[in-house]
Amino acid sequence: MHQDLLPTTTAMGTLTLRVGDLAAMTTYYATALGLEVLEDRADAVVLGRRRRAVIRLEAAGHLHLPPRGEAGLFHTALLFADRADLAAAVASAARHPLSSFVGSADHLVSEAFYFSDPEGNGIELYFDRPRETWDWSRDERGNRSVVMDSLPLSPRAYLEEHLTEEAVSHAASKSAEVGHVHLQVGDVDTAQRFYVDVLGFERTAGWHDQALFVSAGGYHHHMAMNVWNSRGAGPRKDTLGLGEVLIQVPAADEVGALADRLASAGIASHHTGAELRFEDPWRNRLRVAVAGSPDGIA
């Protein structure tokens, strides 16, 4: 059966978090991750690098933290241009007293370090190995999968090898972007029907019935979904944590095509022409917009 795919240049945009303490969380993302405040008002702050928005924080002090087993955000993954820039970000996050270091891993396609912010939102800081070094395999049905693993990666050895004074002193001038977004969901089969069959991502990897990795254009993954903490979770309640996932496509025609696919699948959406807003089966909010559209404070 033919699958309507998202365009090969699809990319992730600004990740929105709903936070309980806007001032404290702004300070954390600015100091721990070296992000610059790009827009600032009483109820929302946008932070990024080189005028590119990365994280949008929305004040939501009236809400509570979500239970660990609820659907929502697993982590936001920030991609850095080279190992020195990644090492500088890791060193900065590790020094911050409100950071919680979760772990690190060599995924073969990437090198990653994991933290939690002061309100428990997961953060991945990572660097991609060159695409030509990635290995791909095919299963018995001919489905193509990228070869990934979780091998040991020593933070101390990594910093000793890659951290430089130049990277630390010029961190704010270096690029950083949302490389992928990883969600907690209730079950992987439903996630595949929604994110692959309807949205048009391609499946790039899986882990039994526990996790799914999807992308556009042959990337290792733009999004992932797992049930490690949340198997059987139903629709999200109104809580702190994930506010919105932004997916960027190159043209308004692609937004319209996705709006048609959602309508055919019986999924409600709000389509303005340049962007499309809708929810996944767990009430995670998604927005698809033309790349270059304003994605700061509305």
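Student: What makes the largest nonpolar core a core, and which residues have the most contacts inside it?

Tutor: The largest nonpolar core has 67 residues, and Tyr29, Leu125, Tyr195, Met223 and Val245 have the most contacts inside it. A nonpolar core is a set of buried (under 20% relative accessible area, 1.4 Å probe, protein chains only) Ala, Val, Leu, Ile, Met, Phe, Trp, Tyr and Cys residues joined through side-chain atoms within 4.5 Å. Helix α5 (residues 188–198) supplies the largest share of this core, six residues. Apart from it lies another core of 13 residues, including Ala77, Val109, Tyr114 and Tyr126.

The model is predicted: local features need pLDDT of at least 70 and side-chain atom pairs 80 or more, whereas totals for chains, interfaces and linings use all residues. Residues are numbered from 1 along each chain as its sequence is written, and side-chain values use heavy atoms, without hydrogens and water.

Student: With which residues is Tyr195 in contact, leaving aside neighbours within four places in sequence?

Tutor: Contact means heavy atoms within 4.5 Å. On that basis Tyr195 touches Leu183, Gly200, Phe201, Met223, Met225, Asp280 and Leu286.

Student: How many helices and strands are there in the protein, and why is it called as compact as a globular protein of its length?

Tutor: The protein has six helices and 18 strands, which are DSSP runs (H or I, at least four residues; E, at least two). The radius of gyration, taken over C-alpha atoms, is 18 Å, close to the 19 Å that the globule rule (2.2 Å times the number of residues to the power 0.38) gives for 298 residues, so the protein is as compact as a globular protein of that length.

Student: What share of the residues is buried?

Tutor: Buried residues make up 53% of the 298.

Notes. Buried means under 20% relative accessible area, exposed over 50%, partly exposed in between (1.4 Å probe, protein chains only).
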